[in-house]
Amino acid sequence: MTPLRLVFMGTPDFAVPSLAALIEAGHQVVCAYSQPPRPAGRGQQVQKSPVHRFAEEHGIPVRTPKSLRNAEAQAEFADLKADAAVVAAYGLILPQPILDAPRLGCVNVHGSLLPRWRGAAPIQRSILAGDAETGITIMQMDIGLDTGAMLSREAVAITPATTASSLHDELAALGARMIVPALDGLAAGTLAAVPQPEDGVTYAAKLTREDGRLDWNRPAAAVERQVRALTPWPGCWFDASNGERIKVLAAEPVSGTGTPGTLLDDRLTVACAGGAVRLTRVQRPGKAPVDGAAFLRGFALAVGQPVSAPEAAEPVAD
């Protein structure tokens with residue numbers, strides 16, 4: 001392996017294992033780019049991103065521009081004279097001058113088997129859709145939205161136990177294992193980029209809080225996947241008849257029939273359009289999470305009644 005002069009561009013936890021792998025492999029990471037520090041947590045204190053913190057801990061200078069579209073930012077990037085830039089969940093669009101600046105271009109660690117799930121939320125969308133597998137694609141970036149040619153792909157299974165959190169961690173680790181040999185092959189000229197197929201393109205739209213609203217008129221399997229896919233962000237919920245917004249942290253599909261949205265037993269099993277789901281971990285506003293049975297002991301709701309309000313209430317602040 002020939003050590004390369006690299007720029008790393010990433011922001012969340014997903015990107016940290018890839019940065020760590022590049023450092024461990026002996027590459028020279030001359031600068032890290034990350035999203036600017038932002039308010040986070042209950043106290044809304046300004047916090048640096050996980051990549052920002054990790055880079056600083058390893059003595060790597062960090063830049064946090066709000067945009068890369070201006071000439072000054074592009075000149076500063078070009079002055080780094082990088083062999084390549086490695087991008088993993090960075091969060092900013094890279095304009096053509098940025099893509100063209102490194103000798104070997106910009107290489108992306110993307111959390112799906114492209115061309116399926118281009119875009120912002122590939123991990124969650126793959127679970128929501130009931131996909132049997134997903135994976136990592138190492139991609140040579142171009143000006144399009146995740147449309148670049150592929151350097152390598154590796155799949156992982158999505159099982160009935162897969163959650164957004166577990167899949168996130170699995171794919172982050174897989175991306176870290178894949179990026180180093182991909183860079184080696186690119187630098188040596190032994191790894192050819194393959195254009196993405198034109199068939200099978202899907203887009204993983206950015207998630208919003210409204211995506212977490214549970215709809216009992218959907219099949220139970222889809223509702224259960226929704227909980228696995230959207231916990232912890234943006235979270236799943238329903239509005240109870242008393243106006244409280246109830247968070248659903250875990251659920252399982254079970255047998256059962258009834259009018260969709262009806263409580264079927266004292267373990268918080270709710271009828272869906274097809275089958276039923278048991279809400280195994282829920283949380284009332286300002287309360288600790290509890291299992292379904294404990295929730296019902298402290299909530300005026302009888303078997304046969306609807307668990308949700310007839311009309312959705314206005315969102316309640318966290």
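Predicted model: local features only at pLDDT ≥ 70, side-chain atom pairs only at ≥ 80, totals over all residues.

Reader: Why are C236 and C272 called buried?

Author: The label applies under 20% relative accessible area. C236 has a relative accessible area of 2% and C272 has 3%, so both of these cysteines count as buried.

Reader: What does W216 touch, leaving aside residues up to four places away in sequence?

Author: With contact taken as heavy atoms within 4.5 Å, W216 touches V223, F238, P260, G261, V270, A271, C272, A273, V277, L279, V307 and S308. W216 is also among the residues that touch the most other members of the largest nonpolar core, a group that includes F8, L22, I138, I179, L183 and L279 as well. That core has 67 residues, and its largest share, 11 residues, comes from helix α6 (residues 164–188). At least three core residues come from each of domain 1 (5–204) and domain 2 (209–306).

Reader: What makes W117 stand out in its backbone, and is its side of the chain buried or exposed?

Author: The phi of W117 is near 65 degrees, a positive value in a residue other than glycine. Most residues other than glycine have a negative phi. W117 lies in the loop between β7 and β8, and since its relative accessible area is 10%, under the 20% limit, W117 is called buried.

Reader: Where is D146, and why is D146 called buried?

Author: D146 lies in the loop between β9 (133–140) and β10 (150–157), and it has a positive phi of about 55 degrees although it is not a glycine. Its relative accessible area is 12%, which is under 20%, and therefore D146 is called buried.

Reader: Which values of omega accompany the cis label at P115 and P234?

Author: The peptide bond from L114 to P115 is cis, with omega near 15 degrees, and P115 sits in the loop between β7 (106–110) and β8 (118–119). The bond from W233 to P234 is cis with omega near 0 degrees, and P234 is found in the loop between α7 (220–230) and β12 (236–239). Most peptide bonds are trans.

Conventions. Residues numbered from 1 in each chain as written. Heavy atoms only, no water. Core = buried A, V, L, I, M, F, W, Y, C linked by side-chain atoms within 4.5 Å. Buried < 20%, exposed > 50% of the residue type's maximum accessible area, 1.4 Å probe, protein only. Helix = DSSP H or I, 4+ residues; strand = E, 2+ residues; numbered from the N terminus. Domains from an automatic or database assignment.
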